[in-house]
Amino acid sequence: MVDQDRTEIIMSESSPPGFLTAGEVSRWTILAARVKANKNLVVGGVLVLIFVFMAIFAPYLTRYDPNKRDFSARFAQPSMHHLMGTDHFGRDTFSRILFGTRISFEVGIVSVLIGMIIGVIIGAVAAYWGGFIDSLLMRMMDGLLAFPQLLLAIALVAFMTTNLGTVSIAIGVVFIPRFARVMRSAVLVEMKREYVEAAKAIGQSGFKILFRHIGPSTISPVVVLATLVFAFAVLTEAGLSFLGLGLPPPNPSWGRMLDEARHYLSASGWTSFFPGVAISLAVLGFNLLGDGFRDFLDPKMSGAVDMGKRESLGD
Amino acid sequence: MLRYITQRTLHLIAVLFFMSIIVFSLIKLIPGDPVGYILGEQATAEQRAMLRTQLGLDRPLITQYLEWAGKAITGDFGNSLLYNKPVMDSIKERLGPTILLAFASLLISVTLGIFAGTLAAANRGTWGDVGVLLFSLLGVSIPGFWLGIMLILLFALKLPIFPSIGYESMFTNFLECMRHLTLPAITLGAASTGSIARFTRSEMIEQLSRDYITTAWAKGLSRPAVIFRHALRNSLVTVVTLVGLILGTLLSGQVIVEQVFAWPGLGQLIIAAVFGRDYSLVQAIVLLTAVIFIALNLLVDISYSFLDPQIRLGKKG
């Protein structure tokens with residue numbers, strides 16, 4: 001389920017982007033054509049937008065309260081009244097999935113931000129200052145990376161009281177080494193460029209060089225990784241909730257819905273079916289969007305991001 | 001070669017050191033007084049004091065760590081609060097089912113993944129190729145717990161071919177064991193099958209465009225000979241490295257799949273330990289799994305270096 005090094009695997013496979021030769025056409029036409037030629041970007045983007053829409057407008061898309069129990073309507077089949085049927089408490093599955101989107105996205109956004117901010121700082125510091133600091137930081141990252149991802153998240157929530165914050169921290173910590181590695185290799189590539197040497201020559205400070213000059217060129221790989229990792233955050237949140245280690249009930253988390261529904265499989269398979277479809281489509285959407293971003297932002301990037309893996313094999 | 005192995009081992013020791021610090025520090029995340037938290041309200045002062053000494057909380061932090069790490073190296077993680085016996089004993093009991101399941105799903109994903117990836121690359125652009133790509137994408141997107149539930153629904157409830165949950169020892173009843181193993185192994189192997197297929201495919205496509213393949217065609221070799229004996233053989237060198245990473249996926253996925261199928265392995269043990277607030281057991285399982293994971297990865301890397309002379313001679317990729 002949880003793909004240890006999905007990012008690296010994806011990064012190592014490059015597909016040709018939809019490049020057009022610039023003739024008399026305007027920039028926007030070229031841009032539009034490139035987006036259109038990038039199927040991953042389009043399909044992934046549409047899927048993600050649908051879920052964003054669901055998360056924002058959840059209360060307006062359904063008549064039912066996601067936590068309202070109605071024992072007269074237990075295990076209702078999908079119908080016009082209940083689009084996706086009801087569960088063992090007679091709660092409307094469609095409403096619970098809509099509101100579950102919010103939880104998935106909240107945890108996803110917070111955990112990716114945590115992993116990204118800390119990881120990017122560590123990676124940049126390690127690459128820029130090098131030497132002992134680099135070795136120390138990267139060995140620490142290797143230590144974090146050596147834990148199977150879900151297990152590390154489980155271990156972290158096990159020792160904390162579970163709420164939105166702690167679940168996001170537990171998932172975010174798992175991402176730190178990934179961002180650190182990608183950032184480190186991106187900065188290392190940039191530091192060999194002449195403009196960095198020029199900036200050093202005119203006596204600019206390390207921080208200024210790092211933020212103003214190198215920083216902008218590292219945005220692409222970080223954005224790609226953030227999107228791919230978001231898919232994993234959704235999956236992990238669902239996994240933790242499924243194991244009973246996510247947000248406490250009655251929060252309508254997709255994973256918890258599945259865990260509750262599976263005990264009533266013979267009474268109603270539908271209740272188990274839809275939450276899984278929601279998780280799969282959301283994860284698929286972010287995976288495709290990440291792949292699409294990668295091809296779109298920088299066709300040559302696959303090599304740069306892959307470097308993280310090569311180095312870890314080498315030293 | 002020897003230098004490479006020494007280097008890798010030293011690196012591993014550094015990594016292990018940081019891992020142990022992370023696992024050790026977990027206990028500091030417990031809000032408030034860990035002893036009160038673990039034992040609950042009714043515990044007597046005597047019990048509290050005993051646990052405090054057992055956890056070593058009355059000594060300075062560095063002493064605590066050194067003592068804990070020193071014992072951990074010898075496999076002594078103290079007593080399990082939940083099962084009232086040494087932590088290692090509880091772990092040993094669960095190792096068998098976990099290894100069996102991991103091995104079965106690894107076997108499924110490696111054979112199926114390499115086979116599908118090779119076929120896709122050899123028939124690039126056909127419906128079969130698209131199908132393999134689609135399957136691999138779904139494999140990594142569909143959560144294991146949902147796939148497992150759906151398989152139970154289809155192949156245990158609607159069509160009663162396999163038992164829905166449970167475990168049977170290989171040594172008491174081999175056939176029953178295989179029947180119980182089938183659905184969990186497929187569930188756990190699905191995601192990795194997708195990754196391996198995708199990776200094999202892209203590696204094969206690269207190999208098939210090389211000059212030696214043109215030579216092989218020109219020599220008049222048959223299609224299977226070119227694809228399997230030449231291209232696949234060279235692709236496998238890289239695919240081997242992926243197997244190490246797949247192990248991490250399997251170890252993570254295991255927790256969830258064991259929960260779905262009530263498979264009595266380490267995954268279920270750690271969940272029980274988390275709910276039972278048996279922190280020594282949680283720490284031991286996490287550390288042990290991670291050590292197994294990196295040790296296996298080291299083996300994979302070393303075997304990889306045997307296969308690839310560039311690394312053996314100290315040149316990086």
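User: In this predicted model, how are H3(A) and H4(A) oriented to each other?
Analyst: The model is predicted. Helix H3 (residues 39–61) and helix H4 (residues 93–129) of chain A pack at an angle of about 130 degrees, with axes 8 Å apart. Angles over 145 degrees count as roughly antiparallel, and 65 to 115 as roughly perpendicular, with the rest oblique. H3(A) and H4(A) are therefore oblique.

User: What is the handedness of the crossing where H3(A) passes H4(A)?
Analyst: The axes of these helices lie 8 Å apart. The crossing of H3(A) past H4(A) is left-handed.

User: How many residues in the contact of H3(A) with H4(A) are nonpolar?
Analyst: H3(A) contributes residues including Phe51(A), Val52(A) and Met54(A). H4(A) brings Phe94(A), Ile97(A), Thr101(A) and Arg102(A), among others. By class, one residue of the contact is polar, one is charged, and the nonpolar ones number 13.

User: How do H7(A) and H10(A) run relative to each other, roughly parallel or roughly antiparallel?
Analyst: Helix H7 (residues 164–191) and helix H10 (residues 219–242) of chain A pack at about 155 degrees, their axes 10 Å apart. An angle over 145 degrees counts as roughly antiparallel. So H7(A) and H10(A) are roughly antiparallel.

User: Which charged residues does the contact of H7(A) with H10(A) have?
Analyst: H7(A) passes H10(A) in a right-handed crossing. The contact has 16 nonpolar residues, one polar and two charged. Asp, Glu, Lys and Arg count as charged. In the contact, H7(A) supplies Arg178(A) and H10(A) supplies Glu237(A).

User: How much area do chain B and chain A bury between them?
Analyst: In the contact, 60 residues of chain B face 57 residues of chain A. Carbon and sulfur atoms carry 75% of the buried area. The total between the two chains is about 5400 Å².

User: Leaving aside neighbours within four places in sequence, what is Thr238(B) in contact with?
Analyst: Thr238(B) sits in helix H10 (residues 223–261) of chain B. Contact needs heavy atoms within 4.5 Å. With those sequence neighbours set aside, the partners of Thr238(B) are Phe199(B), Glu203(B) and Tyr304(B).

User: How far apart in space are Thr238(B) and Leu66(B)?
Analyst: In sequence, Thr238(B) and Leu66(B) are 172 residues apart. In space, C-alpha to C-alpha, the distance is 40 Å.

Notes
Residues are numbered from 1 along each chain as its sequence is written. Chains are lettered from A and ligands numbered from 1 in the order in which they are written. This is a predicted model: local features need pLDDT of at least 70, side-chain atom pairs count only at pLDDT 80 or more; totals for chains, interfaces and linings use all residues. Side-chain values use heavy atoms; hydrogens and water are left out. Axes are lines fitted to C-alpha atoms, for helices over the stretch in contact, and angles run from 0 to 180 degrees between N-to-C directions. Helices (H or I, at least four residues) and strands (E, at least two) are DSSP runs, numbered from the N terminus. Angles under 35 degrees count as roughly parallel, over 145 as roughly antiparallel, 65 to 115 as roughly perpendicular and the rest as oblique. A crossing is left-handed if the near helix is turned anticlockwise from the far one by less than a right angle, and right-handed if clockwise. Buried area is the accessible area (1.4 Å probe) that two parts lose on being put together, summed over both.
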